[in-house]
Amino acid sequence: MTFQLGSALLDACVLAIVDKEDAYGYSLTQQVQAVMDISESTLYPVLRRLQKANYLITYDQPFQGRNRRYYQITEQGRVRLLELLKEWHVYKEKIDCVLLGGNLDG
């Protein structure tokens, strides 16, 4: 069974991966696909949106006779990642409460 995932969670995953190290598109796709079911054609619009929001920048680097486009997180992207992580922790606690039992009020 696969849960439908929102764009905020996808953004958080991409930003978290790139926060650890710069990554090129195919590598990013493989890392994201390890945790969620998305296609490469889904990821590239996300990368463009994150770039437009100034959360990511790109640079090209030669690799085996051609250029690879690498994505690098910006300081603004790190701030956004921290915001998304805080939201994720609150959301996860609420979902865990419902799925695993517990009190939503406290």
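The buried residues of α3 are covered by elements that include α1 (7–20), α2 (25–33), β2 (56–63) and β3 (66–73). This is a predicted model.

**Helix α3**
- Helix α3 spans residues 40–52, 13 residues in total.
- From first C-alpha to last, α3 reaches 19 Å, close to the 18 Å expected at 1.5 Å a residue.
- Its buried residues are Leu43, Val46, Leu47 and Leu50.
- These four residues cover an arc of only 100 degrees around the axis, so they sit on the same side of α3.
- Ser41, Arg48 and Lys52 are exposed, on the face of α3 turned away from its buried side.
- Just after α3, Asn54 takes a positive phi of about 65 degrees.

**The sheet**
- An open sheet is formed by 3 strands in the order β1-β3-β2, with antiparallel pairing.
- The edges are held by β1 (23–24) and β2, each with a single partner strand, so one side of each has no neighbour in the sheet.
- β1 and β3 run antiparallel and are joined by 2 bridges.
- Opposite Ala23 stands Tyr71, a residue of β3.
- Helix α3 lies across β2 and β3. Its direction is at about 120 degrees to β2.

**Asp11**
- Asp11 belongs to helix α1.
- Is Asp11 buried or exposed? Asp11 is buried, with a relative accessible area of 8%.
- Leaving aside neighbours within four places in sequence, Asp11 is in contact with Val46, Arg49, Leu50 and Leu84.
- Val46 and Leu50, both in contact with Asp11, are among the buried residues of α3.

**The nonpolar core**
- In soluble globular proteins, nonpolar side chains tend to be buried together.
- The largest nonpolar core here has 22 residues.
- Val14, Leu15, Leu28 and Leu56 touch the most other members of this core.
- Elements giving two or more residues to this core are α1, α2, α3, β3 and α4 (75–100).
- The largest share, 7 residues, comes from α1.
- Which residues does Leu15 contact, leaving aside its neighbours within four places in sequence? Leu15 is in contact with Leu50, Tyr55, Leu56, Ile73, Gly77, Arg80, Leu81 and Leu84.
- Leu50 and Leu84 are in contact with Leu15, and Asp11 also contacts Leu50 and Leu84.

Definitions and conventions:
Residues are numbered from 1 along each chain as its sequence is written. This is a predicted model: local features need pLDDT of at least 70, side-chain atom pairs count only at pLDDT 80 or more; totals for chains, interfaces and linings use all residues. Side-chain values use heavy atoms; hydrogens and water are left out. The expected span of a helix is 1.5 Å times one less than its number of residues. Buried means under 20% relative accessible area, exposed over 50%, partly exposed in between (1.4 Å probe, protein chains only). The arc is that of the directions from the helix axis to the C-beta atoms. Contact means heavy atoms within 4.5 Å. Two strands pair if DSSP finds at least two bridges between them. Axes are lines fitted to C-alpha atoms, for helices over the stretch in contact, and angles run from 0 to 180 degrees between N-to-C directions. A nonpolar core is a set of buried Ala, Val, Leu, Ile, Met, Phe, Trp, Tyr and Cys residues joined through side-chain atoms within 4.5 Å.
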